[in-house]
Every structure is written in C-alpha cells, then in structure tokens.
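Subject: Structure for you to look at

Hello,

Here is the structure I promised to pass on. Please open it and keep it in view while you read my notes below.

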Amino acid sequence: MPSQESRPTIHIPGTTSHTIAPRAGHSREGTLRYLKAGSGAPLVLLHTVRTQAEHFRLLIPMMANQYTVYALDLPGMGYSEIVPGASYDEPAMREGVKRLLTQLDLHDVTLVGESMGAVLALTTAADLPERVRRVVAVNAYDFRGGIARSGLLARVVVSGVLAPGVGPVIAGVEPKPALTKIFQGGLGDKSALREDYVDELLQVGRRTGYPSVARGVYQALPSLIAARSRYPEVKAPIHFVYGEKDWSRPSDREANEQLLPAADFIHVPKAGHFIALERPDVLADVLNAVG
C-alpha cells in the first residue's frame, strides 16, 4: 500500500488497492501497486506514459459488473516502488505486466492498454499466449514523435528532459499549467482533463526519485517502436482503437493494418490520444461487445 505521505488523492468507488512483491533474486524489481474491482473474468488495464492506474477512473466502474478489473501502476510509476537504476525500456516494463498475470495466476485475460500500455498489452500477449484471451490496444504508442506531437510545449519539455546535464533537473520541474497543456494536446475534448487528476499526477511527480523515472521512460520510448516487431506473434484476437485526433498519423495506423490484417480496427470520431479520459464509453462498448 502507498505510504501515508504519498496516498492517492483520488478514490475510485468499488476499488481496493493491492501490491505485488518483487521476485526473489531480482534486485532491480520493485513492489507493484494495482487496483482491483468487480467480479468475473480478468480485465487488466495498462496506462499511458506519465500516468497511473487512476487513468481508468471512469472505465473501471463501467466494467466491474462484467469483469474482475485489475489496473496496474507500471514499474516506478503511480505508486509502484521506485528502484534506483531500474530500466524503463519496453522489455522491463513488460516484465512488470507479466508479474501481475503470473503471480496472481490470471487466465482468460482481456488486456486493455492505452498508448504505451497498448504496446505492452500486445507484447505481453505474445509472451503469455496461454493466459491472454484478447487484446484491446488503444492509440498504440509505436511511432516516432509520440508525445512531442502534442504541441510545441511538449516538444520543448521532452527535448529538455532528454538533454544531457540539465535533463534530470528539467524532469523534476512540472508546472501545473505546462502539464495541463501537454495533456490537453492529447484530447479532442479539453474539458475531459479534470483538475483533480492533474493534481494527482503532480503529487506522484513529487515522489522521491520520480524525475529519474520520467527521464528513463522518455529515453526508453524508442523501445516501444521496436516492439512492433512482436505484434505478429500475438495469437489472441486484437482490437485496435484509434481516436480521430490521436497523435498517430494515418500512415502509422495503416502500417499496423498491413502488419496485422486480421485485427479489428475501430476509429473514434473527434477523440484524441487519451480515449480513457474522454470516451470511456467507447471502450466499455468494445469490451461489452467482445466479452
């Protein structure tokens, strides 16, 4: 559980908070935190870059009558433990997802990931075909540019975080107006970004060691692009969901259609990159339809 001084400010009705301990002999692993709600077959939710399990605050109550929902804080993010020197490349983050599935012994799993989480859902399904029933990949972050396409401010911030020398300093400075503007750049409906959610993200950003996590995640983003090579290994049915105003370009989406011709592709009018924030009803409809 999070410590008293770093307790989440948002509570999702019907959820309980749990942890998964590191595996013996894995010194670079930390304790993982996840939220759990509902009953039924397991539904695992994987969040985006710079967010946490509460990213799905609207979707979880919609699905708790049909599924047992598990919303994971990816390694080092949200309230999962920050381990000095840990890797945040795609294979390391995928190991965190696999720990959730294997240590809880989940089977018949529906994996839903948004952005970075979409890539991890697909690569986890490739690794654990015997546990994964289907994958819903929302605005997969598997193209160059990514968050920098949010706007000029995002490009400046990400470039600064990645810069030698000053990068760690910049990563530790997150003015609320800047974080708000960057996230709004990923929304068709700007009002979908609630102020209390921004405040929660800022609180997590003040955790000791979090600037190193943020920098490590940005440095590792190319590994998400490289992970596309694993997509054809997925044996479970795949449903791609794209917002009309997502950061991906038509050519990025077409590349996945060519790579996975049997996959289902769903396009959401007027929505941006963060569909879980602005159109959770669409994701609920997809899950109800395929459940």
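First, a term you will need: a cavity is a set of grid points where a 1.4 Å probe fits but cannot get out. Keep in mind that this is a predicted model.

Cavities

A search of the whole structure turns up three cavities of 30 Å³ or more. The largest cavity holds about 60 Å³ of space. Its lining is made up of T48, V49, R50, S115, Y141, I147, I182, F183, W247, H273 and F274. Sorted by class, that lining has seven nonpolar, three polar and one charged residues.

One lining residue

Take T48, one of the residues that line the largest cavity. Find T48 in the loop between strand 3 (41-46) and helix 1 (59-63). Is T48 buried or exposed? The relative accessible area of T48 is 1%. Buried means under 20%, so T48 is buried. The side chain of T48 also has a polar partner: it contacts the side chain of T51 at 2.9 Å.

Two paired strands

Now go to strand 7 (residues 238-243) and strand 8 (residues 264-268). They pair in the parallel sense, over five bridges. How does the chain get from strand 7 to strand 8, and what is the hand of the crossover? The chain passes through helix 10 (residues 250-259). This β-α-β crossover is right-handed.

Best wishes

Terms used. Residues numbered from 1 in each chain as written. Predicted model: local features only at pLDDT ≥ 70, side-chain atom pairs only at ≥ 80, totals over all residues. Heavy atoms only, no water. 1 Å grid on protein atoms, 1.4 Å probe; cavity = no way out; pocket = protein on both sides within 12 Å on 5 of 7 lines; lining within 4 Å. Points joined across faces, edges and corners; volume = space filled by probe spheres on them. Nonpolar A, V, L, I, M, F, W, Y, C, P; charged D, E, K, R; others polar. Pairing = 2+ DSSP bridges. Helix = DSSP H or I, 4+ residues; strand = E, 2+ residues; numbered from the N terminus. Right-handed = clockwise from strand over helix to strand, strands pointing away. Buried < 20%, exposed > 50% of the residue type's maximum accessible area, 1.4 Å probe, protein only. Polar contact = N/O pair within 3.5 Å; in protein donor to acceptor, adjacent residues only side chain to side chain.
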